[in-house]
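Subject: Structure handover

Hello,

Here is the structure for you to look through. My notes follow below it.

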Amino acid sequence: MESARDGGMIKPIALSATHMECRDLHESMAVLTDLLAFEKVAEKPGEAILKHPNTHWLLVVHEAGPDAPTKQMHNHWGVRVATTEEVDRAYEYLNAHKAEYKLGAIGRPLWNHGSYSCYFVEPGTNGWEIESYEAVNRKESAKAKAGGVRGPHWTSHFPEERFPGRGYVPQGFTHGTLVARDMNVNRKFYTEVLGLEVHQANDHVIYVKHPNTKTYIVCAERKEFKVFSPNFRNTLTVESNETVKEAYRLFSEEGDSLGVTELFPINENGSSNSFFFRDPGTNCWEITSHP
Ligand SMILES: [Fe+2]
């Protein structure tokens, strides 16, 4: 594990949210709530904030209309069920409701680095994964490895009564994804600049997380990938508006040498300040003082 939290230039208090772009908010929300157990926290025209009741990470969904670019499966998000059997049942349930929810491809469940997962495409073209780490979690020692991301992310079981009739129960919202051209460059940026924790998952993959939570972002090295609008980003919350401004000053003055590949204007309107930037792998991030 590598953590440069004390030495990290930005000192985020949370990896608070992740943002997904969709084509039709209504269609994508139906999938997220009915098939993945998210609940709506807030909604305004063209945007909704969702949360799985058993985990902290917010999912902000932005509607970009029918011409929003097609996403790729290596950018995806994942929820976790407790058992491998539930992944198989999820696969059956998704197939049975494919037309109703306008789902794209639904992949047969497969084993992948210790998880057993079913991947599918929601109507906004985003990939989603329903994963189980039941097999890994049979070994007590495995739960604590890699920052504990493969162990339970919740303190109490999400009961089937809250998500009945599907044959599977998403227990929590666990992960998102990032891409890197050069893993070592991204790793250094996440620890030394963003003050996050990095764990090696395998030769080509790292897990990036905030030290206080198990939510993780899987960063994989890719030769080719698309760059999307800031509608696809992850949010770090810092302590105050002043902290946002300090971070902005730092990135304005030293961003190039730190690995910031694009810096967007700061937003100082309203009660919280925020700005977007891209990391060395072109992934978009937001730093905000919003809780
Ligand atoms: Fe995944």
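Strand β11 (residues 197-202) and β12 run antiparallel and are joined by five bridges. Strands here are DSSP runs of E with at least two residues, helices are runs of H or I with at least four, and both are numbered from the N terminus. Two strands count as paired if DSSP finds at least two bridges between them. Please keep in mind that this is a predicted model: local features need pLDDT of at least 70, side-chain atom pairs count only at pLDDT 80 or more, and totals for chains, interfaces and linings use all residues. Residues are numbered from 1 along each chain as its sequence is written.

Val198 sits opposite Val208 of β12.

How enclosed is β12 by the rest of the structure? Largely, because four of the five residues of β12 (residues 205-209) are buried. Buried means that 20 or more other C-beta atoms lie within 10 Å of the residue's own; exposed means 12 or fewer, partly exposed is in between, and C-beta atoms are placed from the backbone.

β2 is mostly covered, with eight of its nine residues buried. It has five bridges to strand β14 (residues 233-237), and these two run antiparallel. Thr18 has Asn234 in β14 as its bridge partner. β2 runs parallel to β5, with six bridges joining them. His19 is opposite Val60 in β5.

Helix α1 (residues 25-34) has Ser28, Met29, Val31 and Leu32 buried. These four lie on the same side of α1, because they cover an arc of only 160 degrees around the axis. The arc is taken over the directions from the helix axis to the C-beta atoms. The buried residues of α1 pack against β2 (14-22), β4 (47-51) and β5 (58-63). Contact means C-beta atoms, placed from the backbone, within 7 Å.

**The core**

The largest nonpolar core has 65 residues, of which Leu36, Leu59, Val61, Ala90 and Val208 touch the most other members. Strand β8 (residues 115-121) gives the most to this core, namely five residues. A nonpolar core is a set of buried Ala, Val, Leu, Ile, Met, Phe, Trp, Tyr and Cys residues joined through C-beta atoms within 7 Å. Ala90 touches Val81, Cys118, Ile130 and Tyr168, with residues up to four places away in sequence not counted.

**Phe189**

Phe189 belongs to helix α5 (residues 183-193). Is Phe189 buried or exposed? Phe189 counts as buried because it has 22 C-beta neighbours inside 10 Å.

**Two positive phi angles**

Most residues other than glycine have a negative phi. Thr125 is not a glycine, yet its phi is positive, at about 75 degrees. Thr125 is in the loop between β8 and β9 (127-132). Thr125 is partly exposed, with 17 other C-beta atoms within 10 Å.

Thr282 also has a positive phi, of about 70 degrees, and is not a glycine. The loop between β16 (274-278) and β17 (284-288) holds Thr282. Thr282 is partly exposed, with 16 other C-beta atoms within 10 Å.

Best wishes

Conventions. Contact = placed C-beta atoms within 7 Å.
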